[in-house]
Amino acid sequence: MTDAALQPLVEVRDLKMHFPIYAGLFRRHVGDIKAVDDISLDIFESETLGLVGESGCGKSTAGRAIISLYQISGGSVTIDGVDLGDLDSEGLRRMRTRMQMIFQDPQASLNPRMTVASIISEPLIEHMELTKSERLDHVYRLMDAVGLNRSFADRYPHEFSGGQRQRIGIARALALNPKFIVCDEPIAALDVSIQAQVVNLLEDLQEQFGLTYLFISHDLSMVRHIADRVAVMYLGKIVELAPRDALYTEPLHPYTQALLSAVPEPDPEHEKHRRHIILKGDVPSPANTPRGCNFCTRCPRVIDICREIEPEFREVAPGRFTACHLVESTTRATGGEPPATTTTRINPNGG
């Protein structure tokens, strides 16, 4: 990452996304589903922040809330120096050019009645004043960038494979030259054989256009390849945030340790001697979270204070944040600057 990466592009503070529960004849408000509950993080320019956690923990909801696809319940989100909460509908519309989203299911996110050229050019019609020929030239350049043949421009989404449809979605997200893209499990619906191709494409586009990613996934192996830093989410809260290599080598939070212990090792001998952490019980309901730490009902190292007091999400070492009573601060905070990391490309043919 360059020196520009030291400046946060996205600043999330105390973000809440609660969905009200209504019951009874008069539809009284009886509670809330706390899908995202008081999370704070920074995403630095030109980096990829991985957001991981098991299904239902609030990852996708957090991603959508950050770019204001949902009206948030509390907190603030600042992107490129602009507080989204201060914007009216027209101001938010103009901000759409700086932030975009790649959705999980390319089949569901593309209009089946529109051609590829129409899908990619739709944002251009809405936000840019271009002639028809200028729009078509822009569409062709985007198709070239994502590896789609220009002759496909007049075809419809059902004529493509899953990987090709996801490339169409990526081209649409790039149409307005955004700075920040939320990638909501962009490879989860794809065949394993083409997942690596799409991830490598995202890395190439990031380098080419200077993009910043929030990469949401439950695939810890894939996140290890693409992310610079990783945030681990459990029941609406971030429990650990750390540089990628540090998190995978020495996870601090018991939940992170359990997640990583479930990732299989390619070396059979090493895998045979690994200790797997088996979590007992089910994830509590987000409508009725535990009194203290959200993870206290399943944590293998739980102590009394965990059931009574919610742990503070704090920096315990330079660039390393966690919310756990068992983790002591080891080094004074240094401002949370992102450490330099290296990324590895994935061989689509294995190896």
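Me: Which residue of β2 stands opposite I21?

Reply: G31 does. This is a predicted model.

Me: What makes β1 and β2 a strand pair?

Reply: At least two bridges are needed. Strand β1 (residues 8-23) and strand β2 (residues 28-44) have 13, so they pair. Their sense is antiparallel. The two form a hairpin with four residues between them. In that turn, G24 has a positive phi of about 85 degrees.

Me: How do you know that β3 and β9 are paired, and in which sense do they run?

Reply: Four bridges join β3 (residues 48-52) to β9 (residues 229-234). The requirement is at least two, so the two strands pair. They run parallel. L49 stands opposite R229 in β9.

Me: Where do β3 and β9 sit in the open sheet?

Reply: The sheet has eight strands, in the order β6-β7-β8-β3-β9-β10-β12-β11. Pairing is mixed.

Me: Why are β6 and β11 called edge strands?

Reply: β6 (99-102) and β11 (314-317) each have a single partner strand, so one side of each lacks a neighbour in the sheet. From one strand to the next, the twist averages 25 degrees.

Me: Which strands does helix α1 touch?

Reply: Helix α1 (residues 59-66) packs on the sheet and touches β3, β6, β7 (180-184), β8 (212-216) and β9. Its direction makes about 155 degrees with that of β8. Helix α7 (residues 192-209) lies across β3, β6 and β8, at about 160 degrees to β8.

Me: What makes E11 and R13 a salt bridge?

Reply: The N to O distance is 3.9 Å. The cut-off is within 4 Å, so the pair qualifies.

Me: Why is E11 called partly exposed?

Reply: Its relative accessible area is 29%. Buried needs under 20% and exposed needs over 50%, so E11 falls in between.

Me: Are K237 and D37 buried or exposed?

Reply: K237 is at 13%. D37 is at 12%. The limit is under 20%, so K237 and D37 are buried.

Me: What parts does the K59 and E185 salt bridge tie together?

Reply: The closest N and O atoms of K59 and E185 are 4.0 Å apart. K59 lies in helix α1 and E185 in the loop between β7 and α7, so parts 126 residues apart in sequence are joined. K59 is buried at 5%, and E185 is buried at 9%.

Me: How many salt bridges does the structure hold?

Reply: There are 17. One network of salt bridges links E90, R93, R94 and E126.

Me: Why is the F152 and F160 aromatic pair called edge-to-face?

Reply: The ring centres are 5.5 Å apart, within the 6.5 Å limit, so the rings pair. F152 is buried at 17%, and F160 is buried at 6%.

Me: How many aromatic pairs does the structure hold?

Reply: Six. Ring pairs also link Y234, Y255 and F295 into a cluster.

Technical notes:
Residues numbered from 1 in each chain as written. Predicted model: local features only at pLDDT ≥ 70, side-chain atom pairs only at ≥ 80, totals over all residues. Heavy atoms only, no water. Axes fitted to C-alpha atoms, helices over the stretch in contact; angles between N-to-C directions. Contact = heavy atoms within 4.5 Å. Salt bridge = Lys/Arg side-chain N within 4 Å of Asp/Glu carboxyl O. Buried < 20%, exposed > 50% of the residue type's maximum accessible area, 1.4 Å probe, protein only. Phe/Tyr/Trp six-rings, centres within 6.5 Å; stacked < 30°, edge-to-face > 60°.
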